[in-house]
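Trainee: I would like to learn how to read a model such as this one. Please show me where to start.

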Amino acid sequence: MEESKYLVLVQYVINQTYSKWIKTKEEQSRWKTKVSKFVIEEGLLKHKKKKVDCTLVIQKHQVQAIMYMIHDHPLGAYRGVGIIVQKIRERYYWETVYQDCKEHVKTCREC
Ligand SMILES: [Zn+2]
């Protein structure tokens, strides 16, 4: 997730203040629906998967580290895009998981 978007989300979840580009009632309600899926837990932004389950929201600069743990590192070492996506979604959230996994596997020098 882009850092700017991450910060706007955190700001809203904490303060319920709209960012300046949300002006109309319609934009407000669309935004509310979207952010209702996010919560702050232990100081971290999380995405509600089901009613109880939350997954940690990942910022853009953290994606490589996650890929490393799940795919490159021997303890992870999941090879197929499908299983990598599944493993990531069990614990983490960002919008482009599938595309990023596909790209990572395609460009991986190890396999
Ligand atoms: Zn690889």
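The dialogue below goes from the whole chain to single residues.

Mentor: Start with the source. This is a predicted model, in which local features need pLDDT of at least 70, side-chain atom pairs count only at pLDDT 80 or more, and totals for chains, interfaces and linings use all residues. Residues are numbered from 1 along each chain as its sequence is written.

Trainee: Which domains does the domain assignment of the chain give?

Mentor: Domain bounds come from an automatic or database domain assignment. Here the assignment gives domain 1 (3–53) and domain 2 (60–106). Their C-alpha centres lie 24 Å apart. The C-alpha atoms of the chain fill a box of roughly 50 × 25 × 20 Å along the principal axes.

Trainee: How many helices and strands does the chain have?

Mentor: Helices (H or I, at least four residues) and strands (E, at least two) are DSSP runs, numbered from the N terminus. This chain has five helices and four strands, and their pattern along the sequence is α-α-β-β-β-α-α-β-α.

Trainee: What percentage of the residues of the chain count as buried?

Mentor: A residue is buried if 20 or more other C-beta atoms lie within 10 Å of its own, exposed if 12 or fewer, and partly exposed in between; the C-beta atoms are placed from the backbone. By that count, 14% of the 111 residues are buried.

Trainee: Which residues have the most contacts inside the largest nonpolar core?

Mentor: In soluble globular proteins, nonpolar side chains tend to be buried together. A nonpolar core is a set of buried Ala, Val, Leu, Ile, Met, Phe, Trp, Tyr and Cys residues joined through C-beta atoms within 7 Å. The largest one here has 13 residues, and those with the most contacts inside it are Val57, Ile58, Ile66, Ile70, Ile88 and Trp94. H3 and H4 each supply at least two residues of this core, and H3 gives the most, with three.

Trainee: Which residues of H3 are buried, and why do they line one face of the helix?

Mentor: An α-helix has 3.6 residues a turn, so residues three or four places apart point the same way. In H3 the buried residues are Ile66, Met67, Ile70 and His71. Seen down the axis of H3, they fall within an arc of 100 degrees, so they line one face of the helix; the arc is that of the directions from the helix axis to the C-beta atoms. On the other side of H3, Gln64, Ala65 and Tyr68 are exposed. The buried residues of H3 pack against H4, strand S4 (92–93) and helix H5 (97–107).

Trainee: With which residues is isoleucine 58 in contact, leaving aside its neighbours within four places in sequence?

Mentor: Two residues are in contact if their C-beta atoms, placed from the backbone, lie within 7 Å. With those neighbours left aside, isoleucine 58 is in contact with Met1, Val63, Ile66, Tyr92, Tyr93 and Trp94.

Trainee: Where is glutamine 16, and is it buried or exposed?

Mentor: Glutamine 16 lies in the loop between helix H1 (3–15) and helix H2 (25–35). Its phi is near 55 degrees, a positive value in a residue other than glycine. Glutamine 16 counts as exposed because it has 9 C-beta neighbours inside 10 Å.

Trainee: Where is alanine 77?

Mentor: Alanine 77 is in the loop between helix H3 (63–72) and helix H4 (81–91). Alanine 77 has a positive phi of about 55 degrees although it is not a glycine. With 12 C-beta neighbours inside 10 Å, alanine 77 counts as exposed.
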